[in-house]
Amino acid sequence: MKATFTRRELLRLLSAAGLGSAFASRVVADEIGSTPPASPVPEKKLIPTPQRPRYPATLVGGKVIQPERPLQVVQETDVLVVGGGPAGFAAAVASARTGAKTTLVERYGYFGGQWTGGLVLVVISSHAKENGQLVKVLGGVGDELLERLTKIDGGIVNQGGGKFNPTTDPEATKFLMDEMIREAGVKVFLHCWVADVVMDGPTLRGVVFESKAGRQAILARVVVDATGDGDVFAAAGAEHEQRLHAIGLVHRLGNADRADLAKLKEGGFRSLGSIEPLPSVKWVNLRGPSTDCLDIAELTRLEMEHRRNIWQRVQKMRQTPGGERLFLLQTAPQLGVRLSRLLAGTHQLTYEQAMAGHQFTDTIAVGGAQNAQHRGWPIPYGVMLPRKLDNLLAAGRCVCVDEKLIEDMRLIASCLTTGHAAGTAAALAVQSKCRPRDVEIAKLQKLLREQGAYLG
């Protein structure tokens with residue numbers, strides 16, 4: 001009879017044998033991995049160092065000068081989506097499903113952006129209220145992901161059954177995003193940063209990326225900027241504005257179900273955090289100060305200060321009656337950047353238009369209400385279109401809205417819906433052999449509805 005062990009038991013046995021947890025973790029990882037190749041590659045094998053041409057920057061007259069150099073084109077694609085957060089994920093899946101050869105580039109090693117890496121786990125504004133009735137405005141790719149999460153034990157809470165603003169588990173969300181990207185046939189490059197763009201007059205032809213492999217280019221017929229910070233349209237010279245906003249850092253508390261909140265409140269702690277699918281875990285938001293989200297010195301300072309403050313707060317909770325069993329489970333891998341650049345689009349959607357429920361002939365999505373307390377607000381195609389730059393669409397929190405509407409447009413549900421619309425529009429532009437600004441709106445809206453998007 002074969003003996004079976006839990007992961008924890010296996011770790012304990014191997015550690016007791018003097019092999020250590022690192023060895024045990026490797027055994028478990030190998031056990032769940034794919035079938036090994038017939039001839040496994042030896043670890044630590046010496047391989048030839050590729051000889052690459054070098055074009056180092058030089059110091060000339062006190063200035064650092066970058067010389068001209070050719071770049072390797074690693075991919076040519078119909079639609080290139082830059083950024084794999086909620087908007088970029090939805091854009092890539094929608095584009096590929098619409099029939100375009102689609103490539104997705106992401107700077108981290110996972111998809112989801114602030115939703116998964118930033119640990120902002122609640123999908124706010126998934127619903128609105130129409131004639132006193134709760135209406136789900138998050139449809140299409142985004143809603144499909146949420147529905148699939150309901151099939152995973154501990155994957156999601158508050159989804160379906162008249163509920164709104166669901167909260168998801170970050171690892172389950174990452175897993176299903178991977179699955180949906182694979183199923184759609186999207187070509188993916190992770191661990192790549194936008195460095196520059198490839199231009200042909202006022203037309204965007206591709207994007208230049210920096211990675212461990214060096215500087216490389218991807219050429220595309222249409223590019224979707226889903227970076228959140230508008231990195232692509234800014235590099236391409238599109239009109240835009242930059243704003244300051246709060247930068248926080250989310251953390252998660254473990255053993256939250258073993259804490260005595262009443263006693264903690266007596267000690268000055270008002271809350272343990274927000275609900276997660278796992279009953280023993282709470283996620284804790286931190287707004288942080290308003291500052292420049294593009295200033296790396298500020299980002300560095302806040303990352304370290306926030307982490308220190310979080311650690312000290314949790315230790316104080318552990319020393320307070322009722323909180324002895326709490327522990328700091330995780331600080332978010334990503335800072336909570338809420339806003340930086342906003343595109344100057346062919347249409348600026350205003351808060352007044354949104355709250356009045358203004359109808360547009362080019363509606364491509366509908367925004368929800370943060371607590372499902374008011375009607376939805378149509379989102380026009382023009383918020384994603386640059387005024388002059390061609391072959392680019394923006395999606396997510398960097399689209400063209402006024403100051404008062406920023407807090408609604410930057411939410412995850414709005415990012416998913418605008419991303420879906422941008423990906424479908426980009427694929428349609430490729431198929432129609434036209435610029436994104438010349439796409440037939442009625443055809444785009446028909447496609448979106450067929451894909452399950454809610455347009456009102």
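**Entry 1: the cavity**

I searched the whole structure, which is a predicted model, and found one cavity of 30 Å³ or more; on a 1 Å grid over the protein atoms alone, a cavity is a set of points where a 1.4 Å probe fits but cannot get out. I work with residues numbered from 1 along each chain as its sequence is written, and with heavy atoms for side-chain values, hydrogens and water being left out. Local features need pLDDT of at least 70 and side-chain atom pairs count only at pLDDT 80 or more, whereas totals for chains, interfaces and linings use all residues.

The largest cavity has a volume of about 60 Å³, a volume being the space filled by probe spheres set on the grid points, which are joined across faces, edges and corners. I noted its lining (residues with an atom within 4 Å of a point) as Gly-139, Ile-364, Ala-365, Thr-417, His-420, Ala-421, Ala-453, Tyr-454 and Leu-455. Strand 21 (363-367) and helix 11 (412-432) are the elements that give two or more residues to this lining, and helix 11 provides the largest share, three residues; helices (H or I, at least four residues) and strands (E, at least two) are DSSP runs, numbered from the N terminus. By class I list six nonpolar, three polar and no charged residues, where Ala, Val, Leu, Ile, Met, Phe, Trp, Tyr, Cys and Pro count as nonpolar, Asp, Glu, Lys and Arg as charged, and the others, Gly among them, as polar.

**Entry 2: Glu-276**

I next looked up Glu-276, which lies in the loop between helix 7 (261-266) and strand 16 (281-284). Glu-276 counts as buried because its relative accessibility is 3%, and buried means under 20% relative accessible area with a 1.4 Å probe and protein chains only. Its side chain makes a polar contact with the side chain of Arg-252 at 2.6 Å; such a contact is a pair of N or O atoms within 3.5 Å, and within protein one must be able to donate a hydrogen and the other to accept it, while residues adjacent in sequence count only if both atoms are side-chain atoms.

Asp-196 stands opposite Val-208 in strand 11. Strand 11 is also joined to strand 12 by six bridges, running antiparallel, and Glu-210 stands opposite Arg-215 in strand 12.

Conventions: 1 Å grid on protein atoms, 1.4 Å probe; cavity = no way out; pocket = protein on both sides within 12 Å on 5 of 7 lines; lining within 4 Å. Buried < 20%, exposed > 50% of the residue type's maximum accessible area, 1.4 Å probe, protein only. Pairing = 2+ DSSP bridges.
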